[in-house]
Amino acid sequence: MPDEKTRRLAELVIDPSLDPRTEERSQEKIQEYVDNLDLLPPIDIDQNNRILDGIHRFEAHKLAGRETIAVEIFTIESQKEAISHSISSNATHGVQLTPKDIKELCIKLCEEDLSNKEIAKIVIRHPTVVGKYTKSTRERRENELADKVGKLYVIRDDNGKRIYTHEKLADDIGQSTHRVSDLLDRYYANQIKLAVELQDFTDQELLDEFGITNKQLTRIMDKCGDDIYPPKPELEPEDVEKEVVEAVAEPEPATEPEAQERAESESDVDEDEDKDKEAERIHSEMQWMLLWLGNELNLNLWLPKTDFTQSHKKKEIANLAGKLEDLPFDILKVGRPVQRIDVFWLKDNKIIAAFEIENSTGIESGLLRMSHLWVSLEDPSIRTCIVAQDNDVNKARDKVSEPTFKHNKLAESCWFIPYTRLTKIFNEAYQNSSLPCTEQKLLDEIGYKL
């Protein structure tokens, strides 16, 4: 729970690693704040007096000759959490972040192991934009991890037996064995690329040189062949006709084992992509249901701007959230993580329910956002709801009972809504085109207290 206090300016620390802006401070904004000091909200700091949000307000107090400033103190448990808090806070107010700032922040969050989707919610940009900014960083980090895994995998004992199995490597890096296989493929692809740049190798020589199987080599070439053997440069005009004739020649059919191995390799990649698409589809479907139900109850609705481009059954989700352009001021001022909650139901400019849909990101991220909402508003009438797979209820109960959430009383006010129950209530209401109950009765029907 943030602790509203004052601090002496001399006690506070500006940590460059938490400053989201690359440009110099805006003297114009500082002077504007000097003229309105008593109207400014508190700045955010952590338990070590590092400024998380509010450097311009801090500088304005210094310029005005003040000795103290109002603060909200947040208990921050990691550098990743500190950086995320600082960036998400500055992305929605104060001096506008420049495109250069956003790019640098995306890279910084990528270095902290956040996914593009998580980063997009923090910097309030589309995941595609984030992906462009983080592409080279992810590739570098991927190569570094692949190099680490590969160097461990090739170690053998005195009897020539591998010391590190796929399972042991998976445990060491906290990933699946399938992920280890992908990293090893990348490691060997990088090594093969270096080798073939120095001299020509036959496939058999590559197998002998690196101690890999024919199946591994085929898979590596399928994934990384263009990196290992870059495409030929464009042909001169006189060579084009000859190249076309050769290109249309009937290729040799793959043998049955080769075709099977290639199909297995491709199916692994397709399966991961399908899982991501399915997770996004489910998230959008649940979001749509919650918005539709709230709309039928004549409530005001809100969802993060980053989700406005999402759709369900070719219908844009944002069309159901058009009743509210922005959150009320008393909610906006409490913290940026709150603005990333998946769905709000509001009535008379007051939140009556908040919903976090957890499908692929895990329960904890949703609870953290609800925690920010709870400790900021301290309104026990708000129904905070985690919407997740039915079998995630025990995971949610375990998480919400941890000291972080128990201490701020979130555990006493958090509800769980299983996908199946929400879907059942929605289908019944959709078929009848109405809801014969109040919002509180509906909330009681679709969920239960953790």
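Which side chains meet in a salt bridge of 2.8 Å, N to O? In this predicted model, where local features need pLDDT of at least 70, side-chain atom pairs count only at pLDDT 80 or more, and totals for chains, interfaces and linings use all residues, the pair is R50 and D46. Residues are numbered from 1 along each chain as its sequence is written, and side-chain values use heavy atoms, with hydrogens and water left out.

A salt bridge is taken here as a side-chain nitrogen of Lys or Arg within 4 Å of a carboxyl oxygen of Asp or Glu, and by this rule the count comes to 22 salt bridges. Side chains of opposite charge can pair when their charged atoms come close. Both R50 and D46 are buried, a class that means under 20% relative accessible area, whereas exposed means over 50% and partly exposed covers the values in between (1.4 Å probe, protein chains only). R50 counts as buried because its relative accessibility is 17%. Its place is in the loop between β2 (43-46) and β3 (51-53), where helices (H or I, at least four residues) and strands (E, at least two) are DSSP runs numbered from the N terminus. In space, R50 and I73 are 9.6 Å apart, C-alpha to C-alpha, although 23 residues separate them in sequence.

A salt bridge is also formed by the side chains of K395 and D392, at 3.6 Å from N to O. The two partners are assigned to separate classes of accessibility: K395 has a relative accessible area of 44% and is therefore partly exposed, while D392, with 13%, is therefore buried. D392 is found in the loop between β10 (383-388) and α15 (393-400), and its C-alpha atom is separated by 8.3 Å from that of P418, which is 26 residues away along the chain.

In the case of E32 and K29, the side chains meet in a salt bridge at 3.3 Å, N to O. These residues are three apart in helix α1 (residues 27-34), so about one helical turn separates them. E32 has a relative accessibility of 39% and therefore counts as partly exposed.

Salt bridges also link E111, D113, R140, R141 and E144 in a network. Of these residues, D113 is found in the loop between α4 and α5 and, at 55% relative accessibility, counts as exposed. D113 is not a glycine, yet its phi is positive, at about 70°. Most residues other than glycine have a negative phi, and most peptide bonds are trans. A positive phi in a residue other than glycine is likewise found at N298, where the value is near 60°. N298 is located in the loop between α12 (256-296) and β5 (300-302), and its relative accessible area of 65% makes this residue exposed.

The crossing of α4 with α5 is right-handed, a term used if the near helix is turned clockwise from the far one by less than a right angle, with anticlockwise giving left-handed.

The packing of α6 and α7 is described in the same terms: the angle is about 140°, and the axes are 11 Å apart. These two helices are therefore oblique to each other, and their crossing is right-handed. Within helix α6 lies V129, which at 31% relative accessibility counts as partly exposed. V154, I155 and I163 make a nonpolar surface patch of about 210 Å². Patches of this kind are made of residues with over 30% relative accessible area and no salt bridge, nonpolar side chains (Val, Leu, Ile, Met, Phe, Trp, Tyr) being joined within 5 Å and like charges within 9 Å; accessible areas come from the Shrake-Rupley method with a 1.4 Å probe, and for residues only the protein chains shown count as cover.

How values were computed
Axes are lines fitted to C-alpha atoms, for helices over the stretch in contact, and angles run from 0 to 180 degrees between N-to-C directions. Angles under 35 degrees count as roughly parallel, over 145 as roughly antiparallel, 65 to 115 as roughly perpendicular and the rest as oblique.
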